[in-house]
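Please look over the sequence and the structure before reading on. The report below then walks through a few parts of the fold in turn.

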Amino acid sequence: MGREQQTKKILFTSVWRPIGPSVGDGESVGYELLHGQVTRAQGIYSPRVVHKQFSLDYIAENLDTPSKVLHYPSKARLRRELQNNYDVVAIAFVLSTSHHAIAMCQLIRSVAPKTKIILGGYGTVMSDEELLPYCDTICREEGVTFMRKYLGQPALDQDNYVHPHIFSRMRIFGIPVSVTGMVFAGLGCPNACDFCCTSHYFKNQHIRLLPTGKSIFDLMHTQRQKYPDCDHTILDEDFLLSKTRAHDFLELCREKQVAFSTFCFASVKALKQYTCDELLEMGIDGVWVGYEGKAAGYEKHRGVNIDEFIKNLQAHGITVLTSMILGIPYQSDEIARAEFDALMETNPSLSQFLIYGPIPGTPFYEKVMKEELMHGDLIKDRRQFYKQCTGFYAMMKHPFLRRDEIEQLQRDFYQRDFEQLGPSIFRIAQIKLNGYLKYRNHANPLLRKKAECFRQKLMTFLAILPCGILGPKISWKHRLAYSKLFIKILGMSSFKEKRYLLGIPVMLGAAAFTWINSKLNLHEHPFTRVFSYLGRKPIVPASPEVEFLGQSPTYESV
Ligand code: SF4
């Protein structure tokens, strides 16, 4: 590597803040996935986690040169940072924030005209004609490979990537209740569903960032050394599809008798390869499953009664976040409502309802354009089209439903999900109780250990459940159910664990404070977070340990 490359100053940044509907962005655009797209109708009961642009930290961790990462800088903060004469600024964005990314490019050009600008992220499905007037280069591939190539650094085998140590904190009523270690196991998905941007972006290939069961196990083990009680989220579009990797991971969990608590994304096709016992032995007690449209005929659902499948997972203590699509051409109002009712019967812990939307780069987009199904105003106004690529706008003509009818249906579904099933946080408590009761006396010691994890998690609900019993917008049926659940958990608690009862006034006060905040729209935008990375140390071939290679300070998302 030449000296010039070694000394390049590199800045990575997410889009700036403020973002969100209050500043003219599309619905659900914000800093939080769960609150924005899943528990959005659940008011004060919505669990909150701010998600940063993790990909930037991942890339920064894997360069040979030092770099800096900004998460949600304000315009003034970015302007100030640009005084540092960066050679390269790389911005990650998605379609619905593309107007912010373009405005940032314009600012960079005016403040630091010599700085090279790279645009990356799923927003780069926009065309060259739309993006190149604002930037110098576009990254449309896996980011570490791209950036190392761009900077003239030698190619790295993905097996040798350094995994950054990133943790997220979940808050309920503003109080931190759990820490989650983020596990970046892969990119892309071979299932190639017609609407799926992330699958088609990587040409329906799966890129394994953590290639073996051991690499995943080691990373999670390392995360637990930092936070012994932490949960884990595996970020991989269909984590369980690769049976070999998952089985290696399962064998290690069995051998070491480690009971993790892990959430992952998984298709029905992948999940059905394992028994519930095996999933729980791997520590998988939460899954994000695509429910889509029941009659849409996706290959990943073939041969499975998805409703029974969800019920079975939850009966074993595995919480299910279902993602339903509406506005699929066969869905008349009646059919969409019937599918929704069937989904509600499964009592999912969490639900997402997104409108079938044509995202450039997908086969569905090609079809919509070819058959001239896109609404005329969006064809004329590309910027408006991109702003609406959030899953919250009906963008194409539908055989049975008007645009406003589809969008109203979506609002109804979120509202009814909350009213019928109550807040997700309490649904999750019920599922954990199912798991505990099912496995507490199991012959398999690892599953008994898992049951004990469920029991311990339930103890925190001694402090939280009274907010559901006494709080606003809860039906009497649910208040009664939460009271029974509370008594049951109290009966399972040891003398020491009854200390959680002391948290009741704190939680009630926090819930009241959250209610006031929500009325006044306070704390809508997170603080800017800045991280400096030193660059990789040379890899020591003899060391297989992920933690040994880690360079960066631990990164925590709040
Ligand atoms: S299974 Fe999920 S991630 Fe994979 S292609 Fe389908 S929608 Fe995308």
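Predicted model: local features only at pLDDT ≥ 70, side-chain atom pairs only at ≥ 80, totals over all residues.

As a general background, nonpolar side chains in soluble globular proteins tend to be buried together.

If its neighbours within four places in sequence are left aside, L240 is in contact with A246, C264, A266, A270, L271, Q273, Y274, L279, M282 and I284.

## An enclosed strand

Strand β14 covers residues 350-355, and because 6 of its 6 residues are buried, this strand is largely enclosed by the rest of the structure. In a regular strand the side chains alternate between the two faces of the sheet. In β14 both faces are covered, with L350, Q352 and L354 buried on one side and S351, F353 and I355 buried on the other.

The partner of β14 is strand β13 (residues 319-326), and the two pair in the parallel sense over 6 bridges. One of the positions to look for is L321, whose bridge partner in β14 is L350.

## A sheet of six strands

Elsewhere in the model there is an open sheet of 6 strands, which has mixed pairing and runs in the order β5-β4-β3-β1-β2-β15. Its edge strands are β5 (137-138) and β15 (529-533), each of which pairs on one side only. Strand β2, made of residues 67-71, pairs with β15 in the antiparallel sense over 5 bridges, and L70 stands opposite V530 in β15.

## Residues at the surface

Some nonpolar residues are found on the surface, where W515, I516, L520 and L522 form a patch with about 400 Å² of accessible area together. W515 lies in helix α22, which spans residues 504-520, and this residue has a relative accessible area of 43%, so it counts as partly exposed.

T244, in helix α10 (residues 243-256), has a relative accessibility of 56% and therefore counts as exposed, since the cut-off for that word is over 50%. The C-alpha atoms of T244 and V38 are separated by 32 Å, and these two residues are 206 residues apart along the chain.

## Salt bridges

The side chains of D236 and R245 meet in a salt bridge at 2.6 Å, taken from N to O, and both D236 and R245 are buried. E405 forms a salt bridge with R402, where the closest N and O atoms are 3.4 Å apart, and E405 is partly exposed, with a relative accessible area of 30%.

In helix α20, E452 and R455 are separated by about one helical turn because they are 3 residues apart, and their side chains meet in a salt bridge at 3.0 Å, N to O. E452 is partly exposed at a relative accessible area of 29%, whereas R455 is buried at 10%. Finally, K68, R77 and E81 are linked in a network of salt bridges.

Conventions. Residues numbered from 1 in each chain as written. Heavy atoms only, no water. Contact = heavy atoms within 4.5 Å. Patch = residues over 30% accessible without salt bridge, like charges linked within 9 Å, V, L, I, M, F, W, Y side chains within 5 Å. Areas by Shrake-Rupley, 256 points an atom, 1.4 Å probe, with all protein chains shown as cover. Salt bridge = Lys/Arg side-chain N within 4 Å of Asp/Glu carboxyl O. Helix = DSSP H or I, 4+ residues; strand = E, 2+ residues; numbered from the N terminus. Buried < 20%, exposed > 50% of the residue type's maximum accessible area, 1.4 Å probe, protein only. Pairing = 2+ DSSP bridges.
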